[in-house]
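Hi,

Please find the structure below. My notes on what turned up in it follow.

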Amino acid sequence: MIYKIYPLLVFFMLSFAKDSKSTPEIKKATVKTFAKVEKLAVDSKIESIYNTLNSNHFSLPELKTFSEALKGFYLLKEKGVIQKDILTLIDFSLSSNTKRLWVIDLTTNTILYNSLVAHGRNTGDEFASTFSNSNSSFKSSLGFYSTGEIYRGKHGASLRLDGLERGVNDNARERAVVMHGADYVSESFIRNNKRLGRSLGCPAIPLELTDEIIETIKNKSCLYIYHPSRSFAMEEKLIS
């Protein structure tokens, strides 16, 4: 897997840092060269995976969002933060009237589900635009999550989520931001209201898919919520 490349890069960087015979300029140039080679290798591999995805007759996510999600997945898998080879990607740059959630089995490179998903009521109307990590904001939070355990709440079967980015989504469990089913996440709601319904900040999904999806992604799989308003700096923000 690609996530095994990251320790190799670190080894090379540390090796050159310890070489007393190397000048600072040579060390800096060498590290930069290895970083460039690493980035090209990873980007090439990710594009290859994307091009060979089994769509299962679903639409594909954008390559850019898939790439960001997969890079985070590899890093989290290498750290041991997540355990399953399942990636859930939510693209909040898209209209809520479109199916903007994908569940991907990275073992078989197959899209298992492509679904509608709601954002928070104060995050926007049809399109998501503002996000928060604060209690009672009724806004969605972006970034990487580890899925937790299933419990039964007021929405029936629900999946707890642990935000993995400091200051971005690490209050998710405290805020009770979970994945659950909702009757306002449906094609009929869109037809009647011109847009999908909204949650209190949870990534709510259609009732008919809830049990299947949360059973598939529960217990330490990776979930990534994307929006272009946020710069991609996962290495600096991810909680170990």
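**Salt bridges and a cavity**

D162 is partly exposed, at 23% relative accessible area. Keep in mind that this is a predicted model.

D162 has a charged partner. Its side chain meets that of R173 in a salt bridge, at 2.6 Å from N to O. This pair links distant parts of the chain: D162 sits in strand β5 (residues 156-163) and R173 in helix α4 (residues 172-175), 11 residues apart. R173 is partly exposed too, with a relative accessible area of 37%. Both residues belong to a network of salt bridges that also takes in E149 and R160.

The structure holds 9 salt bridges. Another of them joins R198 to D125, with the closest N and O atoms 3.0 Å apart. Here 73 residues separate the partners. R198 lies in the loop between α5 (187-193) and β7 (205-206). D125 lies in the loop between β3 (110-115) and β4 (143-153). R198 counts as partly exposed, at 26% relative accessibility.

K77 and D85 also pair through their side chains, at 2.5 Å from N to O. K77 is buried because its relative accessible area, 15%, is under 20%. D85 is partly exposed, at 24%.

The largest cavity holds about 30 Å³ of space. What lines the largest cavity? The residues are F92, S140, S141, Y145, V177, G201, C202, P203 and I225. By class, the lining has 6 nonpolar and 3 polar residues, and no charged ones.

Best wishes

Methods
Residues are numbered from 1 along each chain as its sequence is written. This is a predicted model: local features need pLDDT of at least 70, side-chain atom pairs count only at pLDDT 80 or more; totals for chains, interfaces and linings use all residues. Side-chain values use heavy atoms; hydrogens and water are left out. On a 1 Å grid over the protein atoms alone, a cavity is a set of points where a 1.4 Å probe fits but cannot get out, and a pocket is an open set with protein on both sides within 12 Å along at least five of seven lines; lining residues have an atom within 4 Å of a point. Grid points are joined across faces, edges and corners, and a volume is the space filled by probe spheres set on the points. Ala, Val, Leu, Ile, Met, Phe, Trp, Tyr, Cys and Pro count as nonpolar, Asp, Glu, Lys and Arg as charged, and the others, Gly among them, as polar. A salt bridge is a side-chain nitrogen of Lys or Arg within 4 Å of a carboxyl oxygen of Asp or Glu. Buried means under 20% relative accessible area, exposed over 50%, partly exposed in between (1.4 Å probe, protein chains only). Helices (H or I, at least four residues) and strands (E, at least two) are DSSP runs, numbered from the N terminus.
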